[in-house]
Amino acid sequence: PPYQPDPARYDGRMPYRRCGRSGLDLPAISLGLWQNFGGADVFETGRAILRRAFDRGVTHFDLANNYGPPYGSAEENFGRVMAHDFRAHRDELLISTKAGWDMWPGPYGGIGGSKKYLIASCDQSLKRMGLDYVDIFYSHRVDPDTPLEETMGALAQIHAQGKALYVGISSYSPELTRQAAAILAAHKVPLLIHQPSYSMLNRWIEGGLLETLADLGTGCIAFSPLAQGMLTNKYLGGVPADARASRGGSLSQGLLTEENLARVRALGEIAQARGQSLAQMAIAWVLRDPRVTSALIGAPTVAQLDDSLDALNRLDFSDDELARIDAHAAE
Ligand code: NDP
């Protein structure tokens, strides 16, 4: 049967938070398609996750040119779901993509920030997803070998051509963020959003980036708030065969030290006392700071997505809880 989204999807369970000093609201929890949505994954599982997310008020889906594997396949699969399920709802959706990491062979599609790469990659992404425009186009990484003027100039051109309504950057330092915003401002393009990693176990953005973003009026969407699954109870009894740490790479088993697992165990007890799963507390924790617009999660199943979205049932923290979390998880 054709997909009919839940009519109650905007009934108030999902908070929407203003992205910096823009006019745009993001859902408190957004869904990323880095893993679990590629050609190597089961299409209907990914489709069910996307539908469920939208049914629960997740209006923002985050992609990149090379999400898969293979590269490009997450965008292709998203395009199929767009065509079959979401077409009538395009104006309810924020869809983002990026370029900056490895993509196609040769000197112009590899890791970098050249105008040549970004412009071509944006066009490819639009084709794969079957879209006229994305809502946000990102420079996925700093390229120290390309002048920032060139990379930001490419974003400004994509913006001017209407191929992206807004632009963002990912994993830029506070200093380069300021420079990027200034270059974009000279093109009359606001820097809508920054996408950094952030979790209880990874607090680098507290060392200046959050202040910089507040100052610039740029929003912040925090990726990997579960530290790729480490901030859950799944690794406490060993490494499950279907978990990311055994699936080839991005979460190194080297991180699963006794010391880290002891921290995770202690955090799990705090979560339990709050009546939450550790995953839920980890998501609520990144959202405790109003400068963080959205928590950008991944999910391999509808059940894990549902569990994570139930973080919304308890977002508040007492000072005592925050202090106890810091005692186990401050760097
Ligand atoms: P998370 O930290 O949310 O990790 C997701 C993983 O955690 C899942 O694959 C699953 O692991 C586990 N998990 C999720 N929900 C639960 C739950 N409720 N209970 C137990 N375990 C759970 O984020 P990701 O690392 O997946 O990143 C999210 C998004 O951020 C990406 O899709 C991408 O859009 C973006 N991103 C951007 C980057 C950038 O450079 N800009 C880099 C990395 C990510 P398992 O599969 O093992 O079960």
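**Group meeting: a predicted chain and its ligand**

I start at Pro-107, which sits in the loop between strand 5 and helix 3. Helices here are DSSP runs of H or I with at least four residues, strands are runs of E with at least two, and both are numbered from the N terminus. Pro-107 is exposed, with a relative accessible area of 68%. Exposed means over 50% relative accessible area, buried means under 20%, and partly exposed is in between, with a 1.4 Å probe and protein chains only. From Pro-107 to Glu-175 there are 68 residues in sequence and 28 Å in space, C-alpha to C-alpha.

Some housekeeping. This is a predicted model, where local features need pLDDT of at least 70 and side-chain atom pairs count only at pLDDT 80 or more, while totals for chains, interfaces and linings use all residues. Residues are numbered from 1 along each chain as its sequence is written, and side-chain values use heavy atoms, with hydrogens and water left out.

Now the whole chain. Its secondary structure comes to ten helices and ten strands. For 331 residues, a compact globule would have a radius of gyration near 20 Å, and the chain agrees, with 19 Å. That radius is taken over C-alpha atoms, and the globule rule is 2.2 Å times the number of residues to the power 0.38. Along the principal axes, the C-alpha atoms fill a box of roughly 50 × 50 × 40 Å. Of the 331 residues, 55% are buried.

Helix 2, residues 73–86, is mostly covered, with ten of its 14 residues buried. Among them are Glu-75, Phe-78 and Met-82. Their cover includes helix 1, strand 4, strand 5 and helix 3.

Helix 3 covers residues 115–129 and contains Ser-125. Is Ser-125 buried or exposed? Ser-125 is buried, at a relative accessible area of 0%. Leaving out residues up to four places away in sequence, Ser-125 touches Asn-65, Glu-75 and Thr-97. Contact here means heavy atoms within 4.5 Å.

Next, the backbone. In the loop between strand 4 and helix 2 we find Pro-69 and Pro-70. The peptide bond joining Gly-68 and Pro-69 is cis, with omega about -5°. The bond from Pro-69 to Pro-70 is also cis, with omega near -10°. Asn-36 is not a glycine, yet has a positive phi of about 80°. Asn-36 lies in the loop between strand 3 and helix 1, and counts as buried at 12% relative accessibility.

Last, the ligand. How many residues surround the ligand? The count is 31, and the closest are Asp-62, Ser-224, Lys-234, Arg-244 and Gln-304. A residue is counted as near if one of its heavy atoms lies within 4 Å. By class, the shell has 13 nonpolar, twelve polar and six charged residues. A polar side-chain atom of Asp-62 is 2.6 Å from a ligand oxygen atom. For Leu-226, a backbone N or O atom is 2.9 Å from an oxygen atom of the ligand. A polar backbone atom of Gly-298 is 3.1 Å from a ligand oxygen atom. The protein covers 94% of the 920 Å² of accessible area that the ligand has on its own. Such areas come from the Shrake-Rupley method with a 1.4 Å probe. Strand 10 and helix 9 are the elements giving two or more residues to the shell. Helix 9 gives the most, with three residues.

Key:
A polar contact is a pair of N or O atoms within 3.5 Å; within protein, one must be able to donate a hydrogen and the other to accept it, and residues adjacent in sequence count only if both atoms are side-chain atoms. Ala, Val, Leu, Ile, Met, Phe, Trp, Tyr, Cys and Pro count as nonpolar, Asp, Glu, Lys and Arg as charged, and the others, Gly among them, as polar.
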